[in-house]
Amino acid sequence: MKNKVFLIIRIIGTVLAFFNFLMFFAMRPCWSGISSTLGFKGGSNTFLYYLPVAICVLLFVILLCDLILKKIFSKKNWLHIMFLAISVVFLAAIIVIIVLGAVDYMRFVWPKFFTGVGVVAVLAAIYLLLFVYPKTPLKDSRIFKFGILGIASLVAVGVLTNFSINWITYKPVVYAVEDKYQIVFSTNAESVGWVEINGVDYYDTYDGNARTFTRVHKVEVPMTVLDNAKQYTVHTKKTIYAGPFGGFLGRDISEKVNFKPVDTSDGIQYLSFSDIHMNDKLAAATASHAENYDFLVLAGDIISDVETFEDANFNNQVAYSITKGEIPVVYARGNHDLKGRYAQDLHRYAGAKGEKFYYNFYFKDVYGLVLDLGEDHDDDWWEYYETAQYDGYRKEQLDFLQTEIDKGDFNDYKYHLVISHIPIPFVNSRHNHEYVKKEMTRLLNQMDVDMALCGHQHQIMIFEPGLITPETKLQYNPNYKTGSYNGYLTDFKFPSFMVSKQGYTFADGTDISTAKSHIGMFTDVDLVGKKETCYYLNSNGERVDTMNMFYDKAYGKQIVIDLENKTFQAN
């Protein structure tokens with residue numbers, strides 16, 4: 001009995017040692033957060049910066065010692081108890097890390113963890129085949145041997161022939177960029193993709209050649225063509241083989257979609273979301289309560305990390321769940337959209353001008369601008385490990401805005417809309433991007449902006465021009481909370497709204513991982529009466545009662561703005 005107890009202790013200790021190492025190694029997306037929580041803020045003292053790496057190495061050493069020493073000193077019961085105790089301590093530490101914040105990133109951790117488990121399983125299988133299998137009756141079993149040979153042969157044929165069945169995995173989304181639509185969809189296999197409108201084919205090409213080795217397809221079509229046709233069909237053919245002097249494509253897989261262009265005869269209506277952070281079902285639930293809108297705005301951080309092909313397609317998953325590919329989508333990149341293995345290819349998966357995520361767009365009566373401030377810290381922030389080079393990119397956008405002012409195209413449109421993930425009028429407590437925000441404000445003030453949409457702060461913030469003295473320390477609305485906030489507002493002359501947050505109400509605080517509702521914003525523009533009406537909507541279909549976070553003013557469940565004077569109607 002005693003021996004069985006210690007055998008169980010030995011097994012549990014080893015399992016925990018494996019779990020701790022694989023889990024902490026999989027928690028790499030959280031390592032910088034661990035360092036920051038422990039107090040590292042950059043500088044020459046890098047002990048805390050490398051501490052998570054050291055802990056991971058330590059856990060690996062503990063695992064090796066557990067395997068080796070327990071094998072050598074198998075009868076030393078105190079050794080088994082000691083390793084079990086060590087593993088329990090580290091398991092408790094991992095649980096604390098998860099509770100303190102890593103829980104919101106576990107969807108990125110679990111795949112890495114199970115990949116590690118798979119590697120361990122393969123190594124264990126090799127070990128069994130080398131050291132255990134020859135001692136078992138299986139070595140004389142023809143069924144076992146031919147079964148293994150058959151499975152290996154099928155795998156080899158599949159690898160050599162690139163065997164896979166093709167279908168449309170992420171259905172089409174129509175992004176608006178300049179005077180074109182960019183129709184994006186993805187397939188299960190590498191394939192050729194194109195869009196057919198009124199019998200004319202528009203291909204996903206690279207310098208004149210149809211892309212053949214890609215699963216994501218992005219096809220540009222003139223806005224006027226699709227607006228007039230009001231229907232398009234996406235096509236894909238699997239690339240079976242593509243060589244230097246020939247190739248073979250699979251059968252044509254297609255899907256037809258009806259399209260509704262922006263119609264301003266009854267004004268302009270649009271729905272906006274930001275900071276969904278993978279909670280697509282909550283956003284879709286909120287959108288289901290909104291009706292008859294002309295286009296959808298996704299203002300960034302729809303994704304939490306662009307680590308996989310599926311993550312890169314998540315914007316499209318959200319957009320399609322709301323629009324069904326039937327109305328235009330305007331996309332602004334968020335700071336979380338910059339993180340992960342696929343982040344540098346995100347321009348292929350969403351609306352972008354080449355590889356840039358700042359551009360203008362035109363609907364009937366609507367002139368729009370999308371701006372992109374990049375990361376939310378300055379370029380020298382330690383977590384970017386010298387890879388952030390956004391100062392020049394932000395400077396490009398100041399030049400871009402000046403060019404737009406000089407061209408004056410916006411004067412030909414009745415409604416001017418600006419979208420950015422990081423708010424332009426709001427300088428946060430870290431005072432990042434102060435110069436750029438002030439300069440963007442100065443330039444936008446010259447463009448008669450009717451609405452600026454943003455996100456990023458996971459709060460409902462309503463920036464009313466002329467209400468708060470620019471560049472003065474912000475004081476909280478006492479009906480919201482007491483005290484002050486170490487940030488300020490720029491001298492903006494246009495209405496600006498943070499469009500989205502987790503939760504049901506203006507003030508509730510909800511973690512991303514436990515959210516039950518996601519709030520979006522609906523805007524209805526009366527072009528004749530020159531006013532716009534905005535309201536926030538939660539996943540229950542309820543309008544959210546709002547107030548100004550930094551001024552003692554309540555807005556209620558509906559906000560009306562006079563577009564002539566950019567003034568908010570009194571409640």
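Visitor: Where is Arg348 found?

Guide: Helices (H or I, at least four residues) and strands (E, at least two) are DSSP runs, numbered from the N terminus, and Arg348 is found in the loop between β11 (328–331) and β12. This is a predicted model, in which local features need pLDDT of at least 70 and side-chain atom pairs count only at pLDDT 80 or more, while totals for chains, interfaces and linings use all residues. Residues are numbered from 1 along each chain as its sequence is written, and side-chain values use heavy atoms, with hydrogens and water left out.

Visitor: Is Arg348 buried or exposed?

Guide: A residue is called buried under 20% relative accessible area, exposed over 50%, and partly exposed in between (1.4 Å probe, protein chains only). Arg348 has a relative accessible area of 13%, so it counts as buried.

Visitor: Which residues does Arg348 touch?

Guide: A contact means heavy atoms within 4.5 Å. Leaving aside residues up to four places away in sequence, Arg348 touches Val184, Asp204, Arg211, Thr214, Val216, His217 and Lys218. As for Gln459, which is 111 residues apart from Arg348 along the chain, the C-alpha atoms of the two are separated by 30 Å.

Visitor: β12 was mentioned; in what order do the strands of the open sheet lie?

Guide: Two strands pair if DSSP finds at least two bridges between them. Here an open sheet of 6 strands, with mixed pairing, has the order β12-β13-β14-β16-β21-β17. Its edge strands, each pairing on one side only, are β12 (359–363) and β17 (462–463). Helix α11 (residues 391–407) packs on this sheet and touches β12 and β13 (366–371), and the direction of α11 makes about 165 degrees with that of β13.

Visitor: Which way do the residues of β16 point?

Guide: In a regular strand the side chains alternate between the two faces of the sheet. In strand β16 (residues 451–454), Met451 and Leu453 point one way, whereas Ala452 and Cys454 point the other way, and all are buried.

Visitor: How many bridges join β14 to β16?

Guide: Strand β14 (residues 415–420) and β16 run parallel and are joined by 3 bridges; in these strands Leu417 stands opposite Met451, and Val418 has Ala452 as its bridge partner. β16 is also joined by 3 bridges to strand β21 (residues 496–498), and these two run parallel, with Cys454 standing opposite Met498 of β21.

Visitor: At what angle do α2 and α3 pack?

Guide: Two packed helices are described by the angle between their axes and the distance between the axes. The axes are lines fitted to C-alpha atoms, for helices over the stretch in contact, and angles run from 0 to 180 degrees between N-to-C directions. Helix α2 (residues 31–38) and helix α3 (residues 47–72) pack at about 125 degrees, with their axes 8 Å apart. Angles under 35 degrees count as roughly parallel, over 145 as roughly antiparallel, 65 to 115 as roughly perpendicular and the rest as oblique, and α2 and α3 are therefore oblique to each other.

Visitor: Which residues of α2 and α3 make the contact?

Guide: The contact is made by Trp31, Ile34, Ser35 and Leu38 of α2, together with Leu48, Tyr49, Leu51, Pro52, Val53 and Cys56 of α3. For classes, Ala, Val, Leu, Ile, Met, Phe, Trp, Tyr, Cys and Pro count as nonpolar, Asp, Glu, Lys and Arg as charged, and the others, Gly among them, as polar.

Visitor: At roughly what angle do the axes of α8 and α10 cross?

Guide: The axes of helix α8 (residues 280–287) and helix α10 (residues 314–323) cross at roughly 25 degrees and come within 9 Å, which makes α8 roughly parallel to α10. Asp280, Ala283, Ala284 and Ala287 in α8 meet Phe314, Gln317, Val318, Ser321 and Ile322 in α10, and by class this contact has 6 nonpolar, 2 polar and 1 charged residues.

Visitor: What is the phi of His277?

Guide: His277 has a positive phi of about 50 degrees although it is not a glycine. His277 lies in the loop between β9 (268–273) and α8, and it is buried, with a relative accessible area of 4%. His456, likewise not a glycine, has a positive phi of about 80 degrees; His456 lies in the loop between β16 and β17 and counts as buried at 12% relative accessibility.
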